[in-house]
Amino acid sequence: MNGLKLRFPLDLQYFNGEKTEKATPRKKQDARRKGQVAKSTELSPAITLTGVFFLLMMLGSSMYDTFLRIMRESLSTYLRWDVTQENLRVIASQLTVESAKIVGPVLAVSIVIALATNYAQVGVLFTTEPLQIKLEKLNPIQGAKRLFTLRSLVELLKSLFKMAAGILVAYTLLWDAKDQLIKLSLTSLNGVLAFVAHETVKVGLYVGALLILLAAFDYLYQRYEYEKSLRMSKQDIKDEYKKTEGDPLIKSKIRERQRQMAMRRMMQEIPKADVIITNPTHYAVAIRYEASTMSAPTVIAKGQDYIALKIREIARKHGIVTMENKPLARALYSQVEIGQQIPEELFKAVAEVLAYVYKLQGKVR
């Protein structure tokens with residue numbers, strides 16, 4: 001029995017310290033602030049590669065014509081010009097414009113796809129935390145340990161698998177075109193270039209599609225690893241809850257929200273009042289009496305200054321009688337809380353006010 005009593009707290013402490021719970025929103029927010037997000041570094045290059053080859057398929061002939069025009073002008077026109085500052089400026093300007101027609105679309109597609117892919121994975125995130133110098137990262141022993149972890153082994157296997165799969169796809173496509181490859185020696189230069197361009201784009205698109213598929217699985221794996229790395233123990237969740245509840249800013253916001261809700265409820269009760277007793281400007285107290293359910297009149301709303309003004313406005317809007325009685329208004333405001341019945345020492349004064357109001361309204365209570 002003694003042994004069991006000694007082991008039980010240790011076992012309980014062990015399970016409390018085991019990280020089996022999903023990360024809380026606060027933990028995820030802190031990790032994101034530090035730059036720790038679920039992201040696949042392979043997805044953006046894969047989509048970019050596929051997008052560039054798709055662009056070459058759509059605009060390849062136009063780019064080829066532009067390239068031929070650059071070569072033709074360079075060999076047939078620019079060589080005949082005199083080497084002057086003005087001629088060099090014109091040559092550089094024309095070559096830049098023509099080259100931009102080839103390189104510009106590729107750069108634009110690459111940048112747009114890279115930005116869109118990263119935004120889809122991470123969203124808008126700017127942090128300098130990963131750029132900060134940390135001495136523990138310079139430790140050669142720890143660096144060597146990171147080289148031989150399970151994660152590094154997985155990354156190595158992924159790289160080898162991608163290379164093997166890419167080579168296999170390229171080999172399969174080129175093997176299907178082996179008959180055309182044999183006949184290239186009998187084909188014109190334009191035919192050879194067209195064949196090479198077509199097969200290159202075809203291989204690029206197939207390899208790109210394969211890389212996108214592998215990158216999608218890698219993204220799912222990265223999300224799994226990310227969620228796993230952020231797991232918390234039951235004790236971590238308890239500590240975070242205590243820390244959050246003890247935050248003065250959060251407490252003040254909670255109290256402010258509670259005050260707002262209580263104020264709204266109080267304002268909703270004012271139309272049920274029988275009379276509003278005022279100071280007349282500084283205090284306002286709403287009294288309600290229902291003989292069938294109440295043993296004494298009850299304060300259902302009260303306020304000072306601005307709140308008193310709002311109470312009088314609501315009372316005026318709903319046709320509730322407002323009575324000026326400075327001593328009674330002050331006494332009710334200071335002695336009676338909302339929802340409480342009138343104390344015995346103030347009952348007579350309140351009863352006289354209610355009797356007068358009922359008489360004005362022609363009611364008998």
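This dialogue explains how to read several features of a predicted model.

Q: Which residues make the nonpolar surface patch?

A: Tyr64, Phe67, Leu68, Met71, Leu75, Leu79, Leu189 and Leu193 make this patch, with an area of about 780 Å². Two or more residues each are given by helix H3 (43-76) and helix H8 (189-229). The largest share, 5 residues, comes from H3.

Q: How many residues does an α-helix have a turn, and what follows for the way its residues point?

A: An α-helix has 3.6 residues a turn, so residues three or four places apart point the same way.

Q: Is leucine 189 buried or exposed?

A: A residue is called exposed when its relative accessible area is over 50%. Leucine 189, which lies in helix H8, has a value of 62% and is therefore exposed.

Q: Where does helix H4 have a kink?

A: Helix H4 (residues 85-122) has a kink of about 40° at lysine 101, shortly before proline 105. Just after H4, glycine 123 takes a positive phi of about 85°.

Q: Which residues of H4 are buried, and what covers them?

A: The buried residues of H4 include Ile91, Glu98, Ser110, Ile113, Thr117, Gln121 and Val122. Their cover includes helix H2 (25-33), H3 and H8.

Q: How many bridges join strand E2 to E3, and do the strands run parallel or antiparallel?

A: Strand E2 (residues 283-288) is joined to E3 by 6 bridges, and the two run antiparallel. Across this pairing, valine 285 stands opposite lysine 302 in E3. Strand E3 (residues 298-304) is mostly covered, with 6 of its 7 residues buried.

Methods:
Residues numbered from 1 in each chain as written. Predicted model: local features only at pLDDT ≥ 70, side-chain atom pairs only at ≥ 80, totals over all residues. Heavy atoms only, no water. Patch = residues over 30% accessible without salt bridge, like charges linked within 9 Å, V, L, I, M, F, W, Y side chains within 5 Å. Areas by Shrake-Rupley, 256 points an atom, 1.4 Å probe, with all protein chains shown as cover. Salt bridge = Lys/Arg side-chain N within 4 Å of Asp/Glu carboxyl O. Helix = DSSP H or I, 4+ residues; strand = E, 2+ residues; numbered from the N terminus. Buried < 20%, exposed > 50% of the residue type's maximum accessible area, 1.4 Å probe, protein only. Pairing = 2+ DSSP bridges. Bend = angle between axes of the 7 residues up to and from the residue. Contact = heavy atoms within 4.5 Å.
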